[in-house]
Every structure is written in C-alpha cells, then in structure tokens.
Amino acid sequence: MFNKNYSQPTVSQTWHLAWGKVSKLTGSTWQDQQLAIFPSQPSHGISPQVTSPSGNFVIVGDVWLSNRQQLLRLQGTKDSDLLSDLKLVARVWDDWGIDTFTKILGVFGLAIWDRTQQKLWLGRDRIGGKSLYYTNSGSTRWIAPNLRSLRPHHNGELDLVALRDYLCCAFVPGAKTLWQGVRELRPGTVICFPAQEIQTYWKLPEYTTAENAGDKPSLEVYSQQLRRSLEEVVQDYLPVGKPVGVFLSGGLDSSSITALASQLHSEPVHTFSIHFGANCANELEFSSLVANHCRTNHHILEITFQQMWERLPETMAWLDDPIGDGLTVPNLLIGQLAKDSVGVILNGEGGDPRAISF
C-alpha cells in the first residue's frame, strides 16, 4: 500500500489561451475579437504575453533561445536583461513572420496571434523540449503547454487507440494524447488557425554528408563532423557564469557529454549518478572513473526499492502525460538532488518534457 500520509504536490497550471468564440469568457489578461489569454495560477499580476514592436502581433509562450546572441546582432541590439527571449522573438517576428521558426534555435512552445489577419500560429521547437497541446473540436479551441490546464475544456473521453499505443510503446506516439478531445503539436511543426494547416519546418535528416570530403568520406571525416556537432550542441546549452550538471551513468553518451562540458565550461561541472543498493548491479565504477578523469563535483545517490514505491504517487502527480520508463521515479529523485547545486542538467539521451517537470 502507498503511504497514507502522502501529500500530493501542488502542480499549478501554466498559461493557456482560447481561440474562436471568446466573447463570454472571463478572467483573461488580454482579449481580442477571437483570442483570450489567461495567466498562470496564481498570476501574481504578471501578463504571460508580449506585443511586437509593430503592434501587429501578440505572442505568448515558453522559450529559451540558444542563438540569442546571434539574433541580437542581427537586430542590432545590445544584450540587455530587460529584453527577454520572448520579447526578442516578438521583435524578429515583425521582420520574418512564420520564417522565424526556421531561424530561432532552442526550446520553445509559442502561440502568435496576428491581429491584422486574425490568424493564430502555434509552433514547437525541433526536438520537442517544450510541449504544446490544443483541443480539436468545438467553437472555442483551447491551447496550453500542459494537459492539466486543458482538463476543464474537453469531455474527458479516453482515446482507446492512444491507450493501446501506450500499452505497446510505453508512451503515446504521434499527435494523439490519451484524451479524444486533445492533440499534441509535434516537434518541428506549426499549425495555423482557422485553416488548421499543419506545416513541418524541420525534421531530423535521415542521412548526413561530409563537407569537402569527396565521394566517399572516410570514417575519420565523419567522426570529426560528429565531434564538431557535439561540441556545438553542448556549448549552446552551457549556462553562462553558472555551474552545470550532467546525469552520468558511465556509458558512452553521458561520458562524452561530461568530457565536453568539462572542457568547454569555465564554471564547475557537477555529475550525478544513482545506484540501487549493494545487492544490485551498478555502473558506479565507470561513472566514477569518468568523474575523476574530468574532475567534476561528483554526487552519488542510493535509491531503495521502498523509496521508489513510496515516491511513485508523487511522480505520477508531476507527470503530465504518462511514460512507462522504469527510471521515471529515480529521475525525479536525482533531479531533486541536482536542483540543490545546478539549474541546468545535460544528459546522454533524448530528454522528454513529459517525463519530469520541476
């Protein structure tokens, strides 16, 4: 049995918006003829939207730009703490419109309202670092970065096909969710209302080509290209002037990222490893070798099966969309440990925003 004294964490709603028939809606921070924007709860008086310099576009969303400095140079603007990434997106949207999605890099889930043409654009980053959901029927469509914010706005009917897919794959693939009335915007795509046209602005290349390497590039050429790509990605996600963390198992992926972070970052690098007690096999020998070699601040967390069972309800409460990964509870625990030391964590696998959110 679960611990009867367990107290479910308070997982607050984030911003959400309504498009379509909005005339009778109340509680919004901003409203137009066909759009109403609602703040987080509690709102603390902070508006979640910004307006572009031209006044033609209203933008709401979550965004972190890895090419912020490049965009500032193109805008001829000096870096300023007053210019948030969301405001920077609003500026470049005036110039580039929908092409903005092909030019900004980072993680984001954005909604852009064109006040002149009365069109709503929803866009998600290339790898799906941020989620974006929308209801798919009715005279009023609701959009939010998480499912719980949409719960009052659909009928709650279970999608049995999505449930089957979840039981087969341990996650819900594609644009479906477990709810019939809600869809997920896929990574690297844009949808426009009212036409509901979905465009793919980026997809993972199936093949890679080496530059200036002739018809048959060598393994060395490909390895150099991979090394440059890894260095570029790791460098983009290192927090300026702050320590960074890495979830380190001792495997090839996480060890490579640890080594690059230690080489490229001028601030301390913290590594975090887990094990499940003396009676279970572990990888501490390998993770410790990497941590010692890279001279990181290494943290080791022991997790018992009893702890995993007791913390399962809390993990389920934090999850927005279910994912059948046996390491979901350990990821919560090691994430809570890492939060005491760092604000940014790198890992050696494709991070999924549905797994754990703090």
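Q: How many salt bridges does the count come to by this rule?
A: Side chains of opposite charge can pair when their charged atoms come close. With a salt bridge taken as a side-chain nitrogen of Lys or Arg within 4 Å of a carboxyl oxygen of Asp or Glu, the count comes to 9. This is a predicted model, in which local features need pLDDT of at least 70 and side-chain atom pairs count only at pLDDT 80 or more, while totals for chains, interfaces and linings use all residues. Residues are numbered from 1 along each chain as its sequence is written, and side-chain values use heavy atoms, leaving out hydrogens and water.

Q: Which parts of the chain does the pair Glu184 and Arg124 link?
A: Their side chains meet at 2.8 Å, N to O, and the pair links distant parts of the chain, 60 residues apart, with Glu184 in strand E10 and Arg124 in strand E7; strands (E, at least two residues) and helices (H or I, at least four) are DSSP runs, numbered from the N terminus.

Q: Is Glu184 buried or exposed?
A: Buried means under 20% relative accessible area, exposed over 50%, and partly exposed in between (1.4 Å probe, protein chains only). Glu184, at 2%, therefore counts as buried, and Arg124, at 3%, is buried as well.

Q: What separates Glu314 and Arg311 along helix H8?
A: Glu314 and Arg311 are 3 residues apart in this helix, which means a separation of about one helical turn, and their closest N and O atoms are 2.7 Å apart. Glu314 is buried at 13%, whereas Arg311 is partly exposed at 26%.
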